[in-house]
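Hi there,

Here is the structure I promised to pass on to you. Have a look at it first, and then read on for what turned up.

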Amino acid sequence: MATAKRTRRPSPVSVPRTDAFDAALATVMRIGMTKADAVRLAVEFLASGLESAWSVGAVPDATMPHRMRVTVQRQDVPQPVDQRV
């Protein structure tokens, strides 16, 4: 019977915190995630944008674009019912 191979979990990443970082983190956390999940999402989000820019040849591989933008599809939020009589 073979035993499952254990994978080594990577060590946590530490970053210096600034007021700007804390403000940005608080913004991401407003959608209800933990600090770790917010940082993980931010890194994955940036990586996805970079991979996309490189794959279409917008910038040379392994270079940072001067600008990146996000396109957001509008989400209509139902308005509360008017309770006035």
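Which salt bridge do the side chains of D37 and R40 take part in, and how far is it from N to O? The two side chains meet each other, with 2.6 Å from N to O. Please keep in mind throughout that this is a predicted model. D37 and R40 are three residues apart in helix α2, so about one helical turn separates them.

D22 has a relative accessible area of 28%, so it counts as partly exposed. R17, with a relative accessible area of 51%, is exposed, because the cut-off for that class is over 50%. There is also a salt bridge between the side chains of D76 and R74, at 3.1 Å from N to O. Here both partners, D76 and R74, are exposed.

How the helices pack

Helix α1 covers residues 19-29, and α2 runs over 35-55. The two pack with their axes 9 Å apart and at an angle of about 95 degrees. Angles from 65 to 115 degrees count as roughly perpendicular, and α1 and α2 are therefore described that way. On the α1 side of the contact you will find F21, L25, V28 and M29. On the α2 side, the residues they meet are K35, A38 and V39.

Between these helices is a loop, and T34 is found in it. T34 has a relative accessible area of 44%, so it is partly exposed.

The segment after α2 has a few residues to look at. A62 is one of the residues placed there. What is its phi? The value is positive, about 65 degrees, although A62 is not a glycine. Most residues other than glycine have a negative phi. A62 counts as exposed, because its relative accessibility is 62%.

M64 is also in the segment after α2. With a relative accessible area of 55%, M64 is exposed, yet it still touches L46 and L50, leaving aside residues up to four places away in sequence. The C-alpha atoms of M64 and W54 are 9.3 Å apart, and these two residues are ten apart along the chain.

A patch on the surface

Which residues form a nonpolar patch on the surface? They are F45, V70 and V72, and together they have about 330 Å² of accessible area. V70 lies in the segment after α2. V70 counts as exposed because its relative accessibility is 51%.

I would be glad to hear what you think once you have had a chance to look through it.

Best wishes

Methods:
Residues numbered from 1 in each chain as written. Predicted model: local features only at pLDDT ≥ 70, side-chain atom pairs only at ≥ 80, totals over all residues. Heavy atoms only, no water. Patch = residues over 30% accessible without salt bridge, like charges linked within 9 Å, V, L, I, M, F, W, Y side chains within 5 Å. Areas by Shrake-Rupley, 256 points an atom, 1.4 Å probe, with all protein chains shown as cover. Salt bridge = Lys/Arg side-chain N within 4 Å of Asp/Glu carboxyl O. Helix = DSSP H or I, 4+ residues; strand = E, 2+ residues; numbered from the N terminus. Buried < 20%, exposed > 50% of the residue type's maximum accessible area, 1.4 Å probe, protein only. Axes fitted to C-alpha atoms, helices over the stretch in contact; angles between N-to-C directions. Parallel < 35°, antiparallel > 145°, perpendicular 65-115°, else oblique. Contact = heavy atoms within 4.5 Å.
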